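Here's a quick briefing to read with the structure open beside you.

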Amino acid sequence: MPAQTTNLFLLEDLEDVGRTSELAESDLDALHAVADWIKTFVVKPHKDLGRAGTVCPFVPGSLERKTLWLAPEQIADRDVPEVVELMSGYKRLLLDTRPTEGDDVIDNVIVVVFSDLSADRARGVFDDVLQHLAVPSYVEDGIVFGPFYEGHEGTAIYNSSFRPFQSPVPFLFVRHGVTSDWKFFLDDEEWLNLWARRFGESAVHALAEELRRLPWRVGRD
């Protein structure tokens with residue numbers, strides 16, 4: 001089943017009964033839970049983050065430009081190929097969303113919220129789906145998928161004790177890759193190579209800029 005533009009909701013749309021009247025109660029509750037989590041956690045600083053700024057540095061800009069959408073989906077009766085097809089539809093939808101190029105394109109984000117997927121099943125489902133989608137989507141279109149769910153063991157880049165990927169309802173975000181993604185790929189040779197091929201010269205400059213901030217020359221003798 002392809003993704004539908006009518007299925008996309010800005011956070012403020014959730015307060016508009018006219019926009020949400022056709023949604024199942026479980027879908028609306030799931031969207032509200034994720035929206036509240038974004039507003040109270042994702043766009044706020046956190047003492048355990050390990051750096052200054054908000055938990056996600058990009059989401060505030062997306063909210064300001066009204067280019068972050070939530071989409072409810074139910075997948076309990078779908079197998080992995082069907083969910084792959086579903087997420088491919090959201091990828092195509094994102095690629096067709098204006099702006100389609102330029103600096104502001106990185107603010108376009110679709111958060112696909114799975115209202116009937118339990119947290120204990122989310123990891124297995126997401127792993128299976130991304131095994132089919134993640135690499136080709138990045139290589140061909142520069143699109144990144146990010147899994148979030150309660151119990152996610154992923155940690156913050158600057159604090160290995162902080163786990164920011166634990167959302168109240170399982171979801172996959174769909175966004176454009178950015179140069180700074182190398183920080184997530186640093187310990188994964190395959191993904192680091194894919195990133196380097198995609199960003200080329202700008203990738204070298206990004207790493208050089210980071211090295212200039214670090215005392216990597218100290219203690220080498």
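What covers the buried residues of α2? The cover includes α3 (59–65), along with the strands β1 (68–73), β2 (109–114), β3 (143–148) and β4 (171–176). Keep in mind that this is a predicted model.

**Helix α2**

- Helix α2 runs over residues 25–42, and its 18 residues should span 26 Å at 1.5 Å a residue. The C-alpha atoms at its ends are 24 Å apart, which agrees.
- Its buried residues are D27, A30, L31, V34, A35, W37, I38, F41 and V42.
- Look down the axis of α2 and those buried residues fall within an arc of 165 degrees, so they line one face of the helix.
- An α-helix has 3.6 residues a turn, so residues three or four places apart point the same way.
- Turned away from the buried side is a face of α2 that carries E25 and T40, both exposed.

**A nonpolar patch on the surface**

- I157, Y158 and F184 make up a nonpolar surface patch, and together they have about 300 Å² of accessible area.
- Y158 sits in the loop between β3 and β4. With a relative accessible area of 41%, Y158 is partly exposed.

**Salt bridges**

- There are 14 salt bridges in the structure; a few of them are picked out here.
- D141 and K91 pair up through their side chains, at 3.2 Å from N to O. D141 belongs to helix α5 (residues 119–141) and K91 to helix α4 (residues 80–95), so this pair ties together parts that are 50 residues apart in sequence.
- R19 bridges to D13, with 3.5 Å between the closest N and O atoms. D13 is buried, at 16% relative accessible area, and R19 is partly exposed, at 30%.
- E209 and R213 also meet side chain to side chain, 3.1 Å from N to O. E209 is partly exposed at 43% relative accessibility, and R213 counts as exposed at 54%.

Terms used
Residues numbered from 1 in each chain as written. Predicted model: local features only at pLDDT ≥ 70, side-chain atom pairs only at ≥ 80, totals over all residues. Heavy atoms only, no water. Helix = DSSP H or I, 4+ residues; strand = E, 2+ residues; numbered from the N terminus. Expected span 1.5 Å × (residues − 1). Buried < 20%, exposed > 50% of the residue type's maximum accessible area, 1.4 Å probe, protein only. Arc of directions from axis to C-beta. Contact = heavy atoms within 4.5 Å. Patch = residues over 30% accessible without salt bridge, like charges linked within 9 Å, V, L, I, M, F, W, Y side chains within 5 Å. Areas by Shrake-Rupley, 256 points an atom, 1.4 Å probe, with all protein chains shown as cover. Salt bridge = Lys/Arg side-chain N within 4 Å of Asp/Glu carboxyl O.
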